[in-house]
Structure formats: structure tokens, C-alpha cells
Amino acid sequence: MKRRKVLNTAAIATATAATLVSCTQTGKSPSVQAGLPNVRWRMATSWPKSLGTFIGAQTVSRRVEEMTNGRFQITPFAAGELVS
């Protein structure tokens with residue numbers, strides 16, 4: 001049963017990443033023009049930097065920053081960097 005749960009979670013993560021990657025933005029969005037504050041998040045992951053999943057987290061973080069014109073920044077941290 002664990003294998004099915006892992007596969008379902010991977011499928012959901014892939015679909016979410018694909019959705020974020022397919023989003024494109026031209027020009028500035030109304031929220032950027034409205035003067036909303038900058039948001040910075042730190043994301044603790046459970047993967048080491050050498051694992052491909054962490055590279056996916058970096059890609060999603062970069063895409064979110066690009067879509068929001070730098071207003072929303074997510075900084076991913078590998079396993080053990082923020083929390084032991």
C-alpha cells in the first residue's frame with residue numbers, strides 16, 4: 001500500500017509542478033502595480049541537494065519568483081540545513 005501512496009504523491013507533485021511551469025506572465029500583474037509587500041519564505045525540504053527532487057524544488061521556487069516579478073521569493077533548503 002505504501003507504493004501506491006508514494007506514486008499518488010509523486011503524481012500530484014508532478015501535476016503541480018507542470019501547472020506552475022506552464023504558467024507564463026507578460027508584463028506586470030495588477031497585484032504588483034497595487035504595491036503589495038514583498039514576501040520571502042524559507043522552505044525546509046527532506047531531500048539532499050544531490051537528489052533530483054531538490055532540483056525540482058529549486059525550479060518551482062525560481063518560477064514562482066519569475067511569475068511574481070520577484071515579489072514572492074521561496075528559498076529551498078536541503079535536508080539538515082534548517083532543521084536537524
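This is a predicted model: local features need pLDDT of at least 70, side-chain atom pairs count only at pLDDT 80 or more; totals for chains, interfaces and linings use all residues.
Residues are numbered from 1 along each chain as its sequence is written, and side-chain values rest on heavy atoms, with hydrogens and water left out.

The protein chain contains three helices and two strands (DSSP runs numbered from the N terminus, with helices being H or I of at least four residues and strands E of at least two). In sequence order, these elements give the pattern α-α-β-α-β. The accessible surface of the protein chain amounts to about 6,500 Å², and carbon and sulfur atoms account for 60% of that area; accessible areas were computed by the Shrake-Rupley method with a 1.4 Å probe, and for residues only the protein chains shown count as cover. Of the 84 residues in the protein chain, 13% are buried (buried means under 20% relative accessible area, exposed over 50%, and partly exposed in between, with a 1.4 Å probe and protein chains only). Contacts, defined by heavy atoms within 4.5 Å, were also examined by sequence separation. Among those between residues at least 6 apart in sequence, 73% join residues at least 24 apart.

Strand E1 (residues 39–44) pairs with strand E2 (residues 72–77) in the parallel sense, over six bridges; strands are taken to pair if DSSP finds at least two bridges between them. The chain passes from E1 to E2 through helix H3 (residues 52–67), and this β-α-β crossover is right-handed. That handedness denotes a clockwise path from the first strand over the helix to the second, with the strands pointing away from the viewer. Within the pairing, Val 39 has Phe 72 in E2 as its bridge partner, and Met 43 stands opposite Pro 76 in E2. Strand E1 lies largely in the open, because the number of buried residues among its six is zero.

One aromatic pair was found in a search of the whole structure. The rings of Trp 41 and Phe 72 are edge-to-face, at 4.8 Å centre to centre and with 85° between the planes. Trp 41 belongs to strand E1 and Phe 72 to strand E2, so that the pair links distant parts of the chain, 31 residues apart. For this assignment, rings of Phe, Tyr and Trp (its six-membered ring) pair if their centres lie within 6.5 Å; planes under 30 degrees apart count as stacked, over 60 as edge-to-face and the rest as tilted. Phe 72 is partly exposed, at 22% relative accessibility.

The whole structure holds two salt bridges, each requiring a side-chain nitrogen of Lys or Arg within 4 Å of a carboxyl oxygen of Asp or Glu. In one, Glu 81 is joined to Lys 49, with the closest N and O atoms 3.4 Å apart. This pair connects distant parts of the chain, as Glu 81 lies in the segment after E2 and Lys 49 in the loop between E1 and H3, 32 residues apart. Glu 81 is partly exposed, with 39% relative accessibility. The side chains of Glu 66 and Arg 62 also form a salt bridge, at 3.7 Å from N to O. Both residues lie in helix H3, four residues apart, or about one turn of the helix. Glu 66 is partly exposed at a relative accessible area of 46%, and Arg 62 is partly exposed at 43%.

Phe 54, located in H3, is buried at 1% relative accessibility. Leaving aside neighbours within four places in sequence, Phe 54 contacts Thr 45, Trp 47, Pro 48, Lys 49, Pro 76, Phe 77 and Ala 78. The C-alpha atoms of Phe 54 and Pro 76 are 8.0 Å apart, although 22 residues separate them along the chain. Ser 61, likewise in helix H3, is buried at 4% relative accessibility. Not counting residues up to four places away in sequence, Ser 61 touches Met 43, Ile 74 and Pro 76.

In the loop between H3 and E2 lies Asn 69. The phi angle of Asn 69 is near 55°, a positive value in a residue other than glycine. Asn 69 is partly exposed, with a relative accessible area of 37%.
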